[in-house]
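Good morning, everyone. Please take a look at the sequence and the structure, and then I will walk you through them.

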Amino acid sequence: MMMEIREIYCNNCKKVLGRYNVKYYPDDKIGDLIKSSHERHVREGHEIEIRRIKKS
Ligand SMILES: [Zn+2]
């Protein structure tokens with residue numbers, strides 16, 4: 001079965017902050033998640049990228 005994953009990547013820290021299954025974390029939840037869990041990066045003005053990954 002095909003699974004889609006959102007990967008939150010910080011361009012300043014050069015690391016993946018988290019990977020989330022789209023099924024459980026739709027776009028609006030990802031936004032909330034970045035604000036709550038990865039707030040430090042946002043506060044410091046880091047460039048956060050959301051990548052889409054497809055897995056089978
Ligand atoms: Zn960062």
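Let me begin with one residue. Asn21 counts as exposed, because it has 11 C-beta neighbours inside 10 Å. The cut-offs are these: a residue is buried if 20 or more other C-beta atoms lie within 10 Å of its own, exposed if 12 or fewer, and partly exposed in between, with C-beta atoms placed from the backbone. Asn21 sits in strand 2. What is Asn21 in contact with, leaving aside its neighbours within four places in sequence? Met3 and Ile5. Contact here means that the C-beta atoms of two residues, placed from the backbone, lie within 7 Å. Glu4 is 17 residues from Asn21 in sequence, and 6.2 Å from it in space, C-alpha to C-alpha.

Now some ground rules. This is a predicted model, where local features need pLDDT of at least 70 and side-chain atom pairs count only at pLDDT 80 or more, while totals for chains, interfaces and linings use all residues. Residue numbers start from 1 along each chain, as its sequence is written.

On to confidence. pLDDT is the predictor's confidence in each residue, from 0 to 100. The protein chain has a mean pLDDT of 93, and 100% of its residues reach 70 or more. Which element has the lowest mean pLDDT, and which the highest? Helix 1, residues 27-37, is lowest at 91. Helix 2, residues 39-43, is highest at 96.

Next, the layout. The protein chain has two helices and three strands. These are DSSP runs, numbered from the N terminus: helices are H or I with at least four residues, strands are E with at least two. From the N terminus on, the order is β-β-α-α-β. Along the principal axes, the C-alpha atoms fill a box of roughly 40 × 20 × 10 Å. Of the 56 residues in the protein chain, 2% count as buried. Consider contacts with a separation of 6 or more: 53% of them join residues 24 or more positions apart.

Two strands count as paired if DSSP finds at least two bridges between them. As background, strands of a sheet pair through backbone hydrogen bonds, either parallel or antiparallel.

Take strand 1 with strand 3. Strand 1 covers residues 3-10, and eight bridges join it to strand 3 in the antiparallel sense. Glu4 stands opposite Lys54 in strand 3. Ile8 has Ile50 as its bridge partner there. Is strand 3 in the open or buried? Strand 3 spans residues 48-55, and zero of its eight residues are buried, so it lies largely in the open.

Then strand 1 with strand 2. Six bridges pair them, again antiparallel. Arg6 stands opposite Tyr20 in strand 2. Ile8 stands opposite Gly18 in strand 2. Gly18 belongs to strand 2, which spans residues 15-21. Gly18 is partly exposed, because 14 other C-beta atoms lie within 10 Å. His38 is 20 residues from Gly18 along the chain, and their C-alpha atoms are separated by 9.2 Å.

Look at the turn. Strand 1 and strand 2 form a hairpin with four residues between them. Lys14 is found in that loop. Lys14 has a positive phi of about 55°, although it is not a glycine. Lys14 counts as exposed, because it has 7 C-beta neighbours inside 10 Å.

Last stop, helix 2. Val42 lies there. Val42 is partly exposed, because 13 other C-beta atoms lie within 10 Å. What does Val42 touch, not counting residues up to four places away in sequence? Ile34, Lys35 and Ile48. Lys54 is 12 residues from Val42 along the chain, and their C-alpha atoms are separated by 26 Å.

That is the tour. Thank you.
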